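Please read it alongside the sequence and the model.

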Amino acid sequence: RRPRTVMAKVKAHELRAKSKADLHKQLDELKQELGQLRVAKVTGGAASKLSKIKEVRKSIARVLTVINQTQKQQLRKAYEGKAYLPLDLRPKKTRAIRRRLTPAQLKKTTDKQFKKDHHYPMRKFAIRE
């Protein structure tokens, strides 16, 4: 039988300092521990073990969150300055805003409208006091 490792509460700022391999290793350990705790729950384990299940699940979530955030951060860095971004890296906003014309498209005018504006500018009036 392997010696049991007692996991303290995992803190996100400590996880960010770790490498990808260390994070995956810690994730495996936490999942292993969760499996053991679930077995203890079925076999009628101590109350302290049952209460630890929630803590371990939250720790797994924290590790996965840090992994996903760092991965997304690296992707953002990789696509910086490129012409097109993957959909999940683009700003979400709302569907209507995403479909709206860009400011450059809004400013464009047809040749006919340009000539009309140029030849017949807005009239200026002098106001008597």
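The protein has six helices and zero strands. From the N terminus on, the order of elements is α-α-α-α-α-α. The radius of gyration is 30 Å, well over the 14 Å that the globule rule gives for 129 residues, so the protein is more spread out than a compact globule. The model is a predicted one.

**Overall dimensions and surface**

- Taken along the principal axes, the C-alpha atoms fill a box of roughly 95 × 35 × 30 Å.
- The accessible surface comes to about 11900 Å², and carbon and sulfur atoms account for 55% of that surface.
- Of the 129 residues, 16% count as buried.
- Among contacts with a separation of 6 or more, 55% are between residues 24 or more positions apart.

**Helix α2**

- Helix α2 covers residues 20–42, which is 23 residues. At 1.5 Å a residue, this helix should span 33 Å, and its end C-alpha atoms are 33 Å apart, so the two values agree.
- The buried residues of α2 are Leu 23, Gln 26, Leu 27, Leu 30, Glu 33, Leu 34, Leu 37 and Ala 40.
- These buried residues pack against α1 (12–16) and α3 (47–78).
- Gly 44 follows α2 and has a positive phi, near 80°.

**Nonpolar core**

- In soluble globular proteins, nonpolar side chains tend to be buried together.
- The largest nonpolar core in this model has 13 residues. Those with the most contacts inside it are Leu 15, Leu 23, Leu 30, Val 56, Ile 60 and Val 63.
- The largest share, six residues, comes from α3.
- Not counting residues up to four places away in sequence, Ile 60 touches Leu 27, Leu 30, Lys 31 and Leu 34.

**Ser 59**

- Ser 59 is found in helix α3.
- With a relative accessibility of 3%, Ser 59 counts as buried, because the cut-off for that class is under 20%.
- Leaving aside neighbours within four places in sequence, Ser 59 is in contact with Val 10 and Leu 30. Leu 30 is also one of the core residues with the most contacts.

**Salt bridge**

- Side chains of opposite charge can pair when their charged atoms come close.
- A search of the whole structure finds one salt bridge.
- In this bridge the side chains of Lys 52 and Glu 33 meet, at 2.8 Å from N to O.
- Lys 52 lies in helix α3 and Glu 33 in helix α2, so the pair ties together parts that are 19 residues apart in sequence.
- Both Lys 52 and Glu 33 are buried.

**Lys 93**

- Most residues other than glycine have a negative phi.
- Lys 93 has a positive phi, near 50°, although Lys 93 is a residue other than glycine.
- Lys 93 has its place in the loop between α3 and α4 (95–99).
- At 57% relative accessibility, Lys 93 counts as exposed, because the cut-off for that class is over 50%.

Definitions and conventions:
Residues are numbered from 1 along each chain as its sequence is written. This is a predicted model: local features need pLDDT of at least 70, side-chain atom pairs count only at pLDDT 80 or more; totals for chains, interfaces and linings use all residues. Side-chain values use heavy atoms; hydrogens and water are left out. Helices (H or I, at least four residues) and strands (E, at least two) are DSSP runs, numbered from the N terminus. The expected span of a helix is 1.5 Å times one less than its number of residues. Buried means under 20% relative accessible area, exposed over 50%, partly exposed in between (1.4 Å probe, protein chains only). Contact means heavy atoms within 4.5 Å. A nonpolar core is a set of buried Ala, Val, Leu, Ile, Met, Phe, Trp, Tyr and Cys residues joined through side-chain atoms within 4.5 Å. The radius of gyration is taken over C-alpha atoms; the globule rule is 2.2 Å times the number of residues to the power 0.38. Accessible areas come from the Shrake-Rupley method with a 1.4 Å probe; for residues, only the protein chains shown count as cover. A salt bridge is a side-chain nitrogen of Lys or Arg within 4 Å of a carboxyl oxygen of Asp or Glu.
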